[in-house]
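Q: Hi! I'm new to this one, could you walk me through it?
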Amino acid sequence: MPQTKVPPVSQDKIAAHDRGSAMAKPQLVVAPVATSKLSVNAPEFYPSGYNPSFTDSSFEDGCDSYPTLTEYVQDFLNHLTEQPGCFETEIEHFAETLNGWVTTDEALQELVELIYRQATSVPNFSYMGARLCNYLSHHLTINPQSGNFRQLLLQRCRTEYENRDQAAKGDEATRKQFHAFVLFLAELYLNLEIKGTKGQVMRAEILQTGLRELLNALFSNPVDNNLICAVKLLKLTGSVLEDAWKEKGKTDMDEMVQRIENVVLDANCSRDVKQMLLKLVELRSSNWGRVHVTSTYREATPENDPNYFMNEPTFYTSEGVPFTAADPDYQEKYQELLDREDFFPDYEENGTDLSGAGDPYFDDIDDEMDPEIEEAYEKFCLESERKRKQ
């Protein structure tokens with residue numbers, strides 16, 4: 001039988017056939033691979049304010065490993081910012097090192113400026129900066145004619161303080177810097193200790209006056225961030241300021257609360273800020289959250305404690321009438337109750353028989369098992385023993 005030749009198929013037809021079959025099959029779409037811009041050779045990342053060359057060992061070596069006073073002090077300030085818990089253990093060594101280095105007026109001025117800048121530019125360092133200032137004011141031995149550490153610090157603060165009205169009216173960046181100064185001054189007022197003529201520890205009177213004027217500047221320009229700063233200031237120092245003013249017979253805090261209420265009524269501040277101001281007034285009305293013991297301890301008696309008889313037991317007369325120790329005729333009723341108990345000498349209050357005689361019902365019960373129960377129990381024991389040996 002002659003074979004039928006299959007005509008040759010052109011390559012175009014084969015390609016077309018392959019394309020058709022390929023189109024019939026679902027195609028897998030591969031997403032393009034994103035090219036990373038990260039590099040293993042990139043420099044190591046450090047947070048802002050962190051000095052990678054600073055180590056605890058380099059600090060403990062003192063100023064020998066530092067070329068300038070500025071670098072040494074700045075490294076220590078950054079160290080305290082990151083690890084505030086080190087203050088107690090390292091401040092003494094820091095002060096001793098400064099006493100060997102800060103020997104001129106210029107060096108002392110530089111030290112004051114470095115600490116002031118750190119306390120007013122680094123968030124949350126105002127408290128630590130105030131503690132540091134207090135320690136150095138008592139432990140730095142240099143006392144030049146231009147003034148000691150505390151005097152130079154207060155002079156530096158005065159420079160900023162005298163521009164308070166312009167700063168409160170300034171742009172946002174100016175106000176932000178001013179607010180940092182205000183909160184640092186508040187921390188100084190709370191932490192800077194001054195010894196009086198008789199050796200007593202006092203707060204700086206000049207700072208108390210300064211805080212009063214700073215509050216006036218803030219409330220005189222009642223924009224939101226000024227008012228928020230005033231709230232923070234009063235939450236921080238309100239109780240201490242009011243106590244100090246009351247000792248002098250002043251009503252400055254009453255006047256301040258009146259200004260706050262006027263701001264809430266008249267100022268075009270936001271609703272949230274008004275709520276903050278009202279909460280502050282509420283806090284002050286509760287004595288700044290402080291709790292005072294108004295009277296000394298006295299033993300509770302029916303005359304001074306209305307709840308004296310609250311936990312007393314309740315008794316019942318022979319007629320079933322309840323009475324307690326608060327009743328006027330309690331003694332008479334209670335004696336009657338005791339007399340009634342004499343008729344039942346062999347029973348406690350709950351009816352338990354104390355005579356020693358057994359209950360007739362239980363006396364009839366012996367300890368022997370029923371034969372059927374005894375047989376079942378023996379089978380159970382034998383079965384258990386057999387399973388144990390297996």
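Q: Which residue forms a salt bridge with Asp254?
A: In this predicted model, Asp254 pairs with Arg284, and the closest N and O atoms are 2.6 Å apart. The two sit in distant parts of the chain: Asp254 is in helix α12 (residues 252–266) and Arg284 in helix α13, 30 residues apart.

Q: And which residues are joined into one network there?
A: Glu242, Lys246, Asp254 and Arg284 are joined, through salt bridges that share partners.

Q: What about Glu242, where is that?
A: Glu242 is in helix α11, which covers residues 224–247. Glu242 is buried, as its relative accessible area is 6%.

Q: Why does 6% count as buried?
A: Because buried means under 20% relative accessible area, and Glu242 has 6%.

Q: Which residues is Glu242 in contact with, leaving aside its neighbours within four places in sequence?
A: Those contacts are with Met253, Arg284 and Trp288. Arg284 is also part of the network that holds Glu242.

Q: Nice. What does Arg290 form a salt bridge with?
A: Its partner is Asp243, with the closest N and O atoms 2.7 Å apart. Arg290 lies in the loop between α13 (271–285) and β3 (315–316), while Asp243 is in helix α11, so this pair ties together parts that are 47 residues apart in sequence.

Q: How accessible are those two?
A: Both are partly exposed. Arg290 has a relative accessible area of 28%, and Asp243 comes in at 32%.

Q: Are Glu162 and Arg158 buried or partly exposed?
A: Partly exposed: Glu162 has a relative accessible area of 49%, and Arg158 has 45%.

Q: Changing topic: which residues gather in a patch of negative charge?
A: On the surface, Glu319, Glu332, Glu336 and Asp339 form that patch. Glu336 belongs to helix α14, residues 330–341, and is partly exposed with a relative accessible area of 34%.

Q: Where does Ser318 lie?
A: Ser318 is in the loop between β3 and β4 (322–323). Its relative accessible area is 44%, so Ser318 counts as partly exposed.

Q: How far apart are Ser318 and Leu337?
A: They are 19 residues apart in sequence, and 7.7 Å apart in space from C-alpha to C-alpha.

Q: Let's zoom out. How many helices and strands are there in the protein?
A: The protein has 16 helices and 4 strands.

Q: And what share of the residues is buried?
A: Of the 390 residues, 31% count as buried. Glu242 is one of the buried residues.

Q: What about the accessible surface of the protein?
A: That comes to about 27,200 Å², and 52% of this belongs to carbon and sulfur atoms.

Q: Last one: among contacts between residues at least 6 apart in sequence, what share joins residues at least 24 apart?
A: The share is 62% of those contacts.

Technical notes. Residues numbered from 1 in each chain as written. Predicted model: local features only at pLDDT ≥ 70, side-chain atom pairs only at ≥ 80, totals over all residues. Heavy atoms only, no water. Buried < 20%, exposed > 50% of the residue type's maximum accessible area, 1.4 Å probe, protein only. Contact = heavy atoms within 4.5 Å. Salt bridge = Lys/Arg side-chain N within 4 Å of Asp/Glu carboxyl O. Patch = residues over 30% accessible without salt bridge, like charges linked within 9 Å, V, L, I, M, F, W, Y side chains within 5 Å. Areas by Shrake-Rupley, 256 points an atom, 1.4 Å probe, with all protein chains shown as cover. Lys, Arg positive; Asp, Glu negative; His and termini not counted. Charge placed at Lys NZ, Arg CZ, Asp CG, Glu CD.
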